[in-house]
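Please keep the model in view while reading.

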Amino acid sequence: MDKFRMMAQILQSNQESFMNGICGVMALASAQLYTSFEFNCPCIPEYNYSYGISMLVIPPIWFFLLGFVLNNNVSMLAEEWKRPVGQRRKDPAVMRYMCVSISQRSLIAPAVWISVTLMDGKSFLCAYSMDLDMSEFDKNVSGHGLSQEELLRTLAKIPCNNIYDGQHILSREAATRYINCISQAFGWLFLLIITITAFLIRAIRPCFTQAAFLKTKYWSHYVDTERKMFDETCTEHAKSFAKICIKQYFEGISGEIQPFHDHSHDDSDEDDKPATEEDKLMGVRRQDTMNKVLWDWHTCKPPLSLKKIGDANTGQNGDCSMNPNKNEDQNICDKTDLNEGQNGFKCGYVNPGLDIGQSDSGKGHENASFSIEQNGFTNRRSNASLSQNGFVNGGVFSPCNTHRKAWAVYYSKV
Amino acid sequence: MDRLKLVLQYFQSNSESISNGICIVLSLISVKLYTSFDFNCPCLPQYNKMYALGVMFVPPVILFLLGVLVNRHTGVLMEEWVRPLGRRTKNPAVVKFLLSSMLQRSLLAPMVWILMTLLDGKCFICAFSMNVDPKYFTGIPNSTGLELIKIMAKVPCKEDVIFKNSSFRKAVSRYVRCYSQAIGWSILLFFIFLGTVGRVLKPCFNHATFLQTRYWSNYLDIEQKLFDETCVLHARDFARKCVVQFFESMREDVTVRMPLSSAFRPSTIRNEYEEEEEEERLHGITRHDQVDHLLQTWYECKPELDVTRMAYKPKVCITWEDINGKALFSEV
């Protein structure tokens, strides 16, 4: 159990911490990109504003989209959104939750870029140096005999240190300081607003819709896990499929049929037997069946309702049938055949407390071993697996109370 | 792998140390932010104070909110405060304890920022250079024709031309910085003193109650973590079984696989032991509406704090007897 707990911790923490790690890396990348980027204000009245504002706005958009690209959950969200309803209804709250959490993570790098740009002040200076209000500095505008255009051109040169020629009109440092001031004020304001928003969303949210939030969190995580499980199962299936396919091909060529799991069964321990390849196929043995599996997985997902293993109410009392296409001995066994009158039957029970006073049957222990010599059947011990040629299901004998989980299945290896 | 396990165990058992770690990281971030921030006093009479006091107080608010956000106890606290009563009584002392511990940790980074600005002095100089009476200092540049207040407002800016050859600016700066540092050190001393007194005197009041509230607040934290963990494990098993069932529903063979006692049950993907464990981990919750109901009830009606039934489950012991009533084998 400890191992599973640790695995769960790693899984859960890994999924989130992996995404958080990517978030952090992108934020650092954004800061580093800004510092290494050589900001180059054109100092021309027509282009200053466009350059300054685009430096402020376009890289954040790029980072936001990059966040979506790097996030694995985007394809999961798209899949969940687009799939047909099938047997499983769609929950818009889950999709909203996934969308919101993806967006939140993608918004961090753009926010870092914007705040660093505003704190540094260069792009603001470039964009707004021409809108400077000279009366702030108590400078008389008309006193220098400059027309409006010339004044604008002079002001546009403020961001460029080495070409500014209006020092006698307005001190460049004073203007720079002033605009930087405003830029930094905007920067801090921006940070304050997004922090307050994040605080309201995360800290105050439990006051509203906490139960619904738990549900959507569980189901969005479930969708992710299920997708991974499906891929894993498909991979295992494909492996087994391929193995058997190749084996059959070789057999087809050589004309011999090898028993499939000679070496794996006979001397291995009961409890520790590895799953055979046939088991892993789960009954899906043909290409078109596999295609159907994959097609239906998208168009008609199964309902979220597991059938219990060992559920006696499934109406399988005493029924048995055989694998119609693979078995050599077509024996249909039903209840009446497998009475205790027959030789050597022993049965196993799920509930050990069951009264088993039956004359011919032996005592029922969970670990009973038995053998049957009947009609050429050779019984295996417990954990008999599917043979390549199918198996025979034994029926349930009548003395057992059909309400209890008291079934026995006999397997034969032909 | 073992070392990782140890580390994870340590972190899980000690959520307080994680909170302390995060708190310290935030303080370091605050220091780094201050040193890399380019302080830019406008040197204009109408904006100096606003800018300087803004820089001194707005980042602490941001850092405080950040500290509250990243603290795990915030979530625990809000949930405990807001939940319906259900079958578990609410203990206001626990809520208060969580709140106070969360506030203490969140206030560290803002305090670090404020102390740094005071000890550095730039903010103070920018804000209060205009309030200095210049007659105590010699060398004031009065040949520029500017008003006095404008001259004083330019003191924080080193590169301004009017202060080129005079020591006036440096003298005024030093004077104001003196004040700033004095205030900074006094605040630091005050808080350390307060902390010491609080720590020393705390056991004198209600120590037993304090131990209880600390235990139960820690319990709430761990319970929430374990619930999330169990949900994760459950989702995993649910998903696996769902997928396997889906595959099996596509079987081409018309075989009826009947359920079997565990001794004879065919192994499918895993061996028996793991499959039983998996069944166990599902805890009987196998349907969509069951999971929804479970999560809804977890919030609305938390179970009572009494696990006696689970911990001391009576065990079924089996005794085999022969016809005469003689015990052949007994588990008692």
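Thr117(A) is located in helix α5 of chain A, which spans residues 108-120; helices (H or I, at least four residues) and strands (E, at least two) are DSSP runs, numbered from the N terminus. This is a predicted model, in which local features need pLDDT of at least 70, side-chain atom pairs count only at pLDDT 80 or more, and totals for chains, interfaces and linings use all residues. Residues are numbered from 1 along each chain as its sequence is written, chains are lettered from A and ligands numbered from 1 in the order in which they are written, and side-chain values use heavy atoms, with hydrogens and water left out.

Thr117(A) counts as buried because its relative accessibility is 2%; buried means under 20% relative accessible area, exposed over 50%, and partly exposed in between (1.4 Å probe, protein chains only). A polar atom of the Thr117(A) side chain lies 2.6 Å from the backbone oxygen of Trp113(A). Residues up to four places away in sequence aside, Thr117(A) touches Tyr34(A), Leu56(A), Lys122(A), Ser123(A) and Ser183(A), where contact means heavy atoms within 4.5 Å.

Attention now turns to the nonpolar cores. A nonpolar core is a set of buried Ala, Val, Leu, Ile, Met, Phe, Trp, Tyr and Cys residues joined through side-chain atoms within 4.5 Å. The largest has 39 residues, and those touching the most other members are Trp188(A), Phe37(B), Phe39(B), Tyr51(B), Val55(B), Phe168(B) and Val172(B). Several helices each supply at least two residues of this core, including α8 (172-203) of chain A and α3 (48-70) of chain B. The largest share, six residues, comes from α3(B). Phe37(B), leaving aside neighbours within four places in sequence, is in contact with Met119(A), Gln184(A), Trp188(A), Tyr51(B) and Val55(B). Apart from this core lies another, of 35 residues, among them Ile102(A), Val284(A), Ala239(B) and Tyr299(B).

On a 1 Å grid over the protein atoms alone, a cavity is a set of points where a 1.4 Å probe fits but cannot get out, and lining residues have an atom within 4 Å of a point. The whole structure holds 13 cavities of 30 Å³ or more. The largest cavity contains about 150 Å³ of space, and its lining includes Glu80(A), Arg83(A), Trp219(A) and His288(B). Helix α9 (residues 210-254) of chain A gives the most to this lining, with three residues.

Finally, chain A has 12 helices and two strands. Of its 414 residues, 41% are buried.

Notes. Polar contact = N/O pair within 3.5 Å; in protein donor to acceptor, adjacent residues only side chain to side chain. 1 Å grid on protein atoms, 1.4 Å probe; cavity = no way out; pocket = protein on both sides within 12 Å on 5 of 7 lines; lining within 4 Å. Points joined across faces, edges and corners; volume = space filled by probe spheres on them.
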